[in-house]
Amino acid sequence: MAQVIIYTNDNGGVSVCTPTGELSIEQVLAKDCPAGAIIVDDSTLPTDNEYFNAWELVNGTVVVNETKKQAIIDAKQTAIDTKASALAKLAALGLSEDEVKTLVG
Amino acid sequence: MSRNGSGTYTLPAGNPVVTGTTISSTWANNTLTDIATALTGSLAADGQTTATGNLKMGANRITGLADGTLSTDATTVSQVDTAIAAAAATYLLKASNLSDVANATTARGNLTAAKSGANSDITSLTGLTTPLTVAQGGTGAATLTANNVLLGNGTSAPQFVAPSTNGNVLTSNGTTWVSSAPSTNASQLAKAWVKWAGASGTIASSYNVSSVTRNSTGNYTVNFTSAFADTNYAIVYGGNRNNSATDAFGMNFYSQATGSVIVNTSVSGGGYTDATAACIVCFA
């Protein structure tokens with residue numbers, strides 16, 4: 001088990017600081033992290049990194065904010081839908097995605 | 001006593017007699033008994049008498065001697081000559097300087113002696129008190145200083161270069177080799193570098209980087225162990241996503257401070273994305 005340092009960043013999300021080993025984790029805590037940061041085993045962190053931006057630090061434990069997670073999922077789906085719509089419009093014009101990339105560079 | 005101890009025989013008293021002396025039985029028996037005793041004490045020519053003392057030859061030879069046959073017999077000169085000749089054919093003679101050895105290889109083996117010149121007899125030397133010279137195939141030195149580097153020195157014993165200061169390298173001065181500090185332009189060396197995995201934050205390797213902080217997906221703060229003197233240090237970076245050869249992967253840095261720099265990773269059309277592997281190298 002590796003130890004990392006976690007803290008709530010200015011955006012309300014969680015920052016995870018991984019020491020390289022050149023300094024002790026206590027030295028890294030003092031030098032690289034703000035006050036209130038804590039040392040935890042990385043095994044206590046959520047395993048799904050895809051929704052890292054939905055992580056929140058609550059009472060010393062990192063949890064996944066389901067609302068934020070859903071927003072991420074929705075945003076990804078919107079991006080997929082938008083792209084599909086654009087591709088459909090291009091197809092109606094007789095253009096493929098690669099042809100458009102070639103034209104616009 | 002018929003003889004006087006030196007071999008001289010003297011007739012008993014009453015002898016010699018003068019003319020006109022009447023020969024009596026007393027004189028005759030006494031004289032003849034003395035003569036008989038002397039004869040009995042002498043060696044008979046036919047060999048029937050056994051000597052009772054050592055024979056004194058008075059520097060004279062025994063001539064006409066037959067060859068001895070028993071171990072207690074006297075030996076003739078002829079027998080001695082024959083025996084010497086036989087011994088010369090069998091045994092080494094000092095006078096021959098070993099030149100009479102018919103089989104040199106066997107003789108060396110029996111003597112446990114090594115062959116001169118090129119040979120394979122000598123397999124180990126343990127008694128040398130003088131080191132073999134370079135010309136002899138040795139080093140000319142009794143000891144080789146531990147951890148030193150040996151330099152050729154013609155036919156003389158090798159010279160040595162000690163390691164000296166930690167970090168030194170062997171450097172040519174145009175003539176020989178010396179241990180000296182490496183001459184490096186410090187500005188040519190990277191002052192900090194790190195390679196990490198974006199999603200897990202695992203550090204693969206680093207130098208002068210104390211930590212990497214993942215702030216959000218595709219956003220990292222690289223913290224330096226020793227801060228730069230100013231923010232003019234150059235940054236080279238690169239990475240990939242999913243180890244892909246086709247992803248249009250991008251990186252940029254901002255908030256460059258003396259003690260840290262923030263790095264973003266992204267893919268075209270996908271926004272900020274965690275790098276599978278990201279690297280930055282800093283020069284100053």
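Two strands count as paired if DSSP finds at least two bridges between them, and strands (E, at least two residues) and helices (H or I, at least four) are DSSP runs numbered from the N terminus. This is a predicted model: local features need pLDDT of at least 70, side-chain atom pairs count only at pLDDT 80 or more, and totals for chains, interfaces and linings use all residues. Residues are numbered from 1 along each chain as its sequence is written, chains are lettered from A in the order written, and side-chain values use heavy atoms, with hydrogens and water left out.

**View 1. β2(A) pairs with β7(B).** The two strands run antiparallel, and four bridges link them. On the chain B side, β7 covers residues 209–216. Look for Pro19(A): its bridge partner in β7(B) is Ser211(B).

**View 2. The contact between chain A and chain B.** Chain A puts in 18 residues and chain B 19, with contact meaning heavy atoms within 4.5 Å. Together the chains bury about 1,400 Å², 42% of it on carbon and sulfur atoms; that's accessible area (1.4 Å probe) lost on putting the two together, summed over both. Thr18(A), Thr20(A) and Glu22(A) supply 36% of what chain A buries here, more than any other three residues.

**View 3. Polar links and the chain A face.** There are 18 residue pairs in polar contact, both at pLDDT 80 or more (N or O atoms within 3.5 Å, one able to donate a hydrogen and the other to accept it; residues adjacent in sequence count only if both atoms are side-chain atoms). On chain A's side, β2 (14–19) and α1 (25–32) each supply at least two residues, and β2(A) gives the most, with six.
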